[in-house]
Amino acid sequence: MQQKLHSLEDPHGFSISLVLNGLLAGLAAGAVAIFYRILLNHAENLLFAVIDYTKGHADLMAVWFLILALMGVLAGKLISWEGMSSGSGIPQVQGEMKGYLNQNWPRILVSKIVGGTLCILGGLSLGREGPSVQLGAMAGKGIARLTKTSATKERYMLTCGAGAGLAAAFNAPLAGVMFSLEELQKNFNSSMLVCAISGCAAADFISKNFFGLLPVFDFHLHSALPLRNYWLLVLLGLLLGICGAFYNFVMLKGQDLFSAMKNLPARYRIVLPFLLAGIVCYTMPQILAGGHAMIELLYGQRPAVTVMLALLIGKFLFSAFCFGSGAPGGIFFPMLVLGAYIGAIFGTVAIDQTGIESFYMVNFITIAMAGFFTAIVRAPITGILLIAEMTGTFDHFLSLAVVCLISYMTAHLLRSEPIYESLLARILAKNGLQENEGPENKVLRSFSVGGDSMACGKEIKEIDWPDHCLIVTLQRGEEEIIARGSTVIHAGDTVTALVDENYLGMVTETIQLICSEIQMPS
């Protein structure tokens, strides 16, 4: 009888399988992210319609405050029902990728979509992009569970779905691919790349069918900044690095503020930003929701520096208060809006003081978004690609790279931890877990070699071992053999591997498939 070969023995078949799995995850993630994006667009439009209708009418304003309080209570109950739906969602995906968390994908989908829509309808300064990453990841995980794929492929589909969610939210497939590798996967193995490209391309295709081909930001670049003016980019990079470190500090302090409210049950704390949003509705409505209204102010004739500074400070403090409450929403888009305003203020001063052409203002705005994102998230490649795709041009790639690298190094020298890693550490601590760091995150795992396995009779160097592991020893009876490339593996041997704990599930399953007996058809 013919042996039934596992897909790992057939690289060609395995690659095709990854493409198909990526497409499935991408289509599911894209569909969920698009549905969420449409809901939030309608919620934001309804919000500003309510403000226009109620403004100046005390009785109607009072009714709106009551509705805001009820929406806050409902959002709090949703978080109590599914705790992993709070906040951005990106740290939760990272935690699952590392094996610390196991999210309930149907509950996350329901709680995040409903809760996120309530938050935008209420005017909270939160973004759709972080939640889209979590929703995309859960859609990918759901497809993997429904199709009963292996644990390894489920991990691929979860990562792929996360990147696809970002691609659909921003119309930025390259940034989605890079985010899944640089920020979530933390490595660039070819199998993950194939899966991520398939998923992000599929999500971007259906997203563009709904929202069109135009980039998210309507900034038109006149020309790249001349090299003689790059000293301005050095100053901008330093400023963004400092501002990014301060942003991370304040965002975490916002969470500490709400955690200190011991006398108020956690599920009711989220009512506070809803009530604050009611005040903001009638005083500074531009800073509500994600920040699209603020971005539109930068098109064409821009506000004075004092006005931009007031909006920047207001948006920053309001965002910290909303996010600190644990409301289901992200910091991704508000973060880019803040970066754009830092760039606009810097550009206005630079143009006034140096006399360079005023059309370079757009350069400073878009470059600052990428630099601010990099200082906060510490993912420079994603930041560069994201802003290039969102603005529809790669013409100022060099200036983007200069600012992102300088802001990256500045934030690092200030000892500011990347925001999503800090948030993940807090989630794990809340759940009684602790993330391993440094050399402690390497663990030893042993695997028995079957007589009819892929490994039996082969030299160690002939086997395509998975990434993130090192074969250390072979135990053969009473003899322990130090593993070398030329060491032949025999049936009955026990292979011991040193495995990166962040990839323990994927690596363990792959080595088990290599060392286990090949199943015969019945």
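Which residues have the most contacts inside the largest nonpolar core? They are Phe332 and Phe364, in a core of 126 residues. The legends below describe close-up views of a predicted model.

**View 1. The largest nonpolar core around Phe364.** Phe332 and Phe364 have the most contacts inside this core of 126 residues. Helix H14, residues 332-354, supplies its largest share, 14 residues. Beyond its neighbours within four places in sequence, Phe364 is in contact with Leu225, Leu232, Leu233 and Leu236, and also with Gly343, Phe346, Gly347, Ala350 and Ile356. A second core, separate and made up of 35 residues, includes Met192, Ala455, Leu474 and Tyr503.

**View 2. Helix H18 and the elements that cover its buried residues.** H18 spans residues 419-430 and has twelve residues. From first C-alpha to last, H18 reaches 17 Å, close to the 16 Å expected at 1.5 Å a residue. Its buried residues are Ile419, Tyr420, Glu421, Ser422, Leu423, Leu424, Ile427 and Leu428. Among the elements that cover them are helix H3 (90-97), H7, helix H9 (230-259), helix H13 (305-324), H14 and helix H15 (361-377).

View 3. The side chains of Asp256 and Arg426 meet in a salt bridge, 2.8 Å from N to O.

**View 4. Lys315, a buried residue without a salt bridge.** Lys315 is found in helix H13. The nearest side chain of opposite charge is that of Glu44, 7.9 Å away. A salt bridge requires a side-chain nitrogen of Lys or Arg within 4 Å of a carboxyl oxygen of Asp or Glu. Leaving aside neighbours within four places in sequence, the contacts of Lys315 include Ser125, Ile287, Leu288, Ala289, Gly290 and Gly291. Met294, Pro334 and Leu338 are also in contact with Lys315.

**View 5. Two further salt bridges, Glu154 with Arg145 and Lys461 with Glu459.** The count of salt bridges in the model comes to eight. In the bridge between Glu154 and Arg145, the closest N and O atoms are 2.8 Å apart. Glu154 counts as buried because its relative accessibility is 14%, whereas Arg145 is partly exposed, with a relative accessible area of 40%. The side chains of Lys461 and Glu459 meet at 3.6 Å, N to O. Lys461 counts as exposed at 60% relative accessibility, and Glu459 as partly exposed at 22%.

**View 6. Strand E2 paired with strands E3 and E4.** E2 and E3 (residues 479-482) run antiparallel and are joined by four bridges. Their hairpin has two residues between the strands, and Gly477 there takes a positive phi near 65°. E2 also pairs with E4 in the antiparallel sense, over six bridges. Leu470 stands opposite Leu498 in E4. Strand E4 (residues 494-500) is mostly covered, with five of its seven residues buried.

**View 7. Thr473 in strand E2.** Thr473 stands opposite Ile482 in E3. Thr473 is buried, with a relative accessible area of 9%. Apart from neighbours within four places in sequence, Thr473 is in contact with Glu480, Ile481, Ile482 and Ala483, as well as Thr494, Val495 and Thr496.

**View 8. Tyr503 and Asp467.** Tyr503 is found in the loop between E4 and helix H19 (504-515). At 4% relative accessibility, Tyr503 counts as buried. Tyr503 is included in the second, separate nonpolar core.

**View 9. Positive phi at Asn171 and His468.** Neither residue is glycine. Asn171, with phi near 55°, lies in the loop between helix H6 (151-170) and helix H7 (173-185). Asn171 is buried, with a relative accessible area of 7%. His468, with phi near 70°, has its place in the loop between strand E1 (442-448) and strand E2 (469-476). The relative accessible area of His468 is 23%, so this residue counts as partly exposed.

Notes: Residues are numbered from 1 along each chain as its sequence is written. This is a predicted model: local features need pLDDT of at least 70, side-chain atom pairs count only at pLDDT 80 or more; totals for chains, interfaces and linings use all residues. Side-chain values use heavy atoms; hydrogens and water are left out. A nonpolar core is a set of buried Ala, Val, Leu, Ile, Met, Phe, Trp, Tyr and Cys residues joined through side-chain atoms within 4.5 Å. Buried means under 20% relative accessible area, exposed over 50%, partly exposed in between (1.4 Å probe, protein chains only). Contact means heavy atoms within 4.5 Å. The expected span of a helix is 1.5 Å times one less than its number of residues. Lys and Arg count as positive and Asp and Glu as negative; His and the chain ends are not counted. Two strands pair if DSSP finds at least two bridges between them.
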